[in-house]
Amino acid sequence: MSKRFLIVCRQPPYGSSFAREALDMALACAAFEQRVALLFLGDGVLQLAGAQQAEAIGQKPLDKQLGALPLYDVDALYADADALAARGLSDTTLALPVQALDGAGIRALLTEQDIVLGF
Amino acid sequence: MLHTVNKSPHGHSALAECLRVCAADDVVVLIEDGVYAAIAGNSRLPGPDAPKLYALSADVAARGLAPHLAEGVALLDYAGFVQLCCEHPVIQSWY
């Protein structure tokens, strides 16, 4: 049976492995034909910055991997609008299209889920 | 004195604690997730009174921040980082 999964990403992309683990989880859920959405909160919105050249520090660019999610039918991507603004980012400069939500929007999204996984 | 900061200023207090005790002629090098403090317009961007700020260019590029760098933050390559470390006998790491 298909359930609604929400993966909550709250860490920046390269300082730890949380971001990659979250992506792996999203892909695993999609492979089992679950309905998956990703929500980027706090420093997690930093994963969405465009044109990451992670080769410079010997890693794979996370923005490109996130960009592949629609190929696996994961296209529900949400970001905390306040977190983007506080970090000097806007949804127009991001690596991939996300829906920016305010606090009420985030609360509504959370209440719709069957399973919420935090990273 | 040279300070390095390697945590995002939004999720951690490392940068704030560093800036609080910095002398005017100190140097702060933002490395790893510390470079997120260097985005123009971000709410934790150090003010005009802050000491000289550098951001490690490899970490800036890796995180896609080159187009967003604030004025007043100088990019530093690895060779420049080593040079700065040699010039400053006392180094404090904030992490």
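**Exercises on a predicted model**

Leaving aside neighbours within four places in sequence, B:Leu30 has contacts (C-beta atoms, placed from the backbone, within 7 Å) with B:Val5, B:Val35, B:Ala37, B:Ala38, B:Leu53, B:Tyr54, B:Ala55 and B:Leu56. The model is predicted, so local features need pLDDT of at least 70 and side-chain atom pairs count only at pLDDT 80 or more, while totals for chains, interfaces and linings use all residues. Residues are numbered from 1 along each chain as its sequence is written, and chains are lettered from A and ligands numbered from 1 in the order in which they are written.

**Exercise 1.** State the strand order of the open sheet in chain A and identify its edges.

*Solution.* Step 1: strands are DSSP runs of E with at least two residues, and helices are runs of H or I with at least four, numbered from the N terminus. Two strands pair if DSSP finds at least two bridges between them.
Step 1: the five strands of chain A follow the order 4-3-2-1-5, with parallel pairing.
Step 2: strand 4 (99-101) and strand 5 (115-118) of chain A each have a single partner strand, so one side of each lacks a neighbour in the sheet.

**Exercise 2.** Describe how strand 3 of chain A is joined to strand 4 of chain A.

*Solution.* Step 1: three bridges link strand 3 (residues 76-80) of chain A to strand 4 of chain A, and the two run parallel.
Step 1: A:Tyr78 has A:Gln99, in strand 4 of chain A, as its bridge partner.

Technical notes
Two residues are in contact if their C-beta atoms, placed from the backbone, lie within 7 Å.
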